[in-house]
Amino acid sequence: MSLSPRLEFRQTQSLVMTPQLMQAIKLLQLSNLDLVAYVEAELERNPLLERQSEPEGEGGAGAERAGEGVLEVAVHEAHDAAHEARGDDREARAADWLEERLDSSRSAIEDRLDTGLENVFPDDVGREPSGPAQGAEAPAYSEWAGVGGGGRDEEGYNLESFVPAETSLGDHLSGQLTLALTDPVDRLIGHHLIDLIDEAGYLAADLAGVADKLGAPLARVEAVLATIHAFDPPGIGARSLAECLALQLKERNRYDPAMAALLSHLDLLARREFNALRRLCGVDEEDLAEMVAEVRRLNPKPGLAFGSGVIQPVVPDVFVRPAADGSWHVELNSDTLPRVLVNQAYYSKVSKTTRNDREKAFLTDCIQTATWLTRSLDQRARTILKVAIEIVRQQDAFLTLGVQHLRPLNLRMVADAIGMHESTVSRVTSNKYMATPRGIFEMKYFFSSSISSSDGGEAHSAESVRFRIKQMIDAENPDDVLSDDTLVQRLRESGIDIARRTVAKYREAMRIPSSVQRRREKQAAAAGS
């Protein structure tokens, strides 16, 4: 074996992820809000990009204006001068008419009254009127309302500025903290604890860690928290559900040892094990019913009564409508698609004025980036539409008959049908929504695993099986609650081969309690009614 160096030629194939390819892949998985933010950033950075809705750039208009002759400019100047002369003459005639009209009106009034106006209003002679003269037109609303800021015609007038701002939970608690505590150190600890309270009103932090971070004794932090517990709304700053309910009961003077025992065993209350609760609390059935009713009247999330973050509505990327021939019409939502163009005229004008290689490189990068962005946005829209059309074709039964007819579908089936890779389909369906006659669904919703049929027929979608389980549980009799084994038996009778553990997993995913808990809840509801 020779160890001497030598030159060799090898030809291999490999996938090179260029920066432009990586950006194109990134654009596929962006939601419509993220895409708009990305395009806005590109519009600010790249001078060769412009919105399609905007008029043509100044470069093209300037080129057209530069070709106008001197004669045309002179004609425009002569026309403007004649227009100004006619305007001055018209104003002079209007002033003469107004003066004549006023004089005739005054003489007519004096002739009709058979005396002068000074004799009719003797108190006003020699004094400037403080308001509008008698008989003059009252000032318009825009004249007096605009004085002092706030007029309707004033620039920047906005009705929303008169709407009071929504008070947040932090502002509400900070206002009470200022009145309750006077020591600056305690106020600092209190503001830090208020910042740690979530929207529901719970303090999800360890007091020992807070004390160590602030460099304060743990007892002092606990004392400040005890002060916050007395704030409005009752139950604020609690570290658990039991503590939140206890604070509200203390505020109502309803917290006793029996109620404390009940709150310490909320898991038994959730499972409706009333016999065990009676033994632990040491009360009879009637007293326990009153205690349970008192707990139900409490608010488990007191912080939600105040303003929270703005909830953004879901804007669909694709619309699906029934067509006249019985098929489905699929179209993109044009409002979610940013429209940008490359200003070639401006590029041609600026490229002629470059002075060095640095400016040429910058313009070359800008034109390449702008061209790539417009092509990538067009390709993204085409890919989304292609995937949506295939999903609608595969799930035609769902759109027509409902969720019980949702077919099992995976990424490979769609990718093979449209000639794309599975990763591309996965990115396209991420954070994208489809508006159908049955509601707005995320595109990922239509992809579900398959459950084999017991009779060898077509497989069933996992989502449709979950829907059937929920239907059977909602329709069950309180005296005959369906167990998981009974659900498995009925599903197999309808042609669905499913295991008991799968039924239990689907039931727990839908937050449906077990058959024992459902029986207790329905019997309690029937007894209460």
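User: Is Cys 366 buried or exposed?

Analyst: Buried means under 20% relative accessible area, exposed over 50%, and partly exposed in between, with a 1.4 Å probe and protein chains only. Cys 366 has a relative accessible area of 0%, so Cys 366 is buried. This is a predicted model, in which local features need pLDDT of at least 70 and side-chain atom pairs count only at pLDDT 80 or more, while totals for chains, interfaces and linings use all residues. Residues are numbered from 1 along each chain as its sequence is written, and side-chain values use heavy atoms, with hydrogens and water left out.

User: What does the side chain of Asn 46 reach, and which residues does Asn 46 touch?

Analyst: The side chain of Asn 46 reaches the backbone oxygen of Cys 366 at 2.9 Å. Contact means heavy atoms within 4.5 Å; leaving aside residues up to four places away in sequence, Asn 46 touches Cys 366, Thr 369 and Ala 370. Asn 46 counts as buried because its relative accessibility is 1%.

User: How many disulfides does the structure hold?

Analyst: A disulfide is a covalent bond between the sulfur atoms of two cysteines. The criterion is a pair of cysteine sulfur atoms within 2.5 Å, and a search of the whole structure finds 0. Cys 281, at 11% relative accessible area, is buried.

User: What is the mean pLDDT of the protein?

Analyst: pLDDT is the predictor's confidence in each residue, from 0 to 100. The mean is 79, and 75% of residues reach 70 or more. Over residues 123–136 pLDDT stays under 50, and the model has 1 contact beyond four places in sequence for them.

How values were computed: A polar contact is a pair of N or O atoms within 3.5 Å; within protein, one must be able to donate a hydrogen and the other to accept it, and residues adjacent in sequence count only if both atoms are side-chain atoms.
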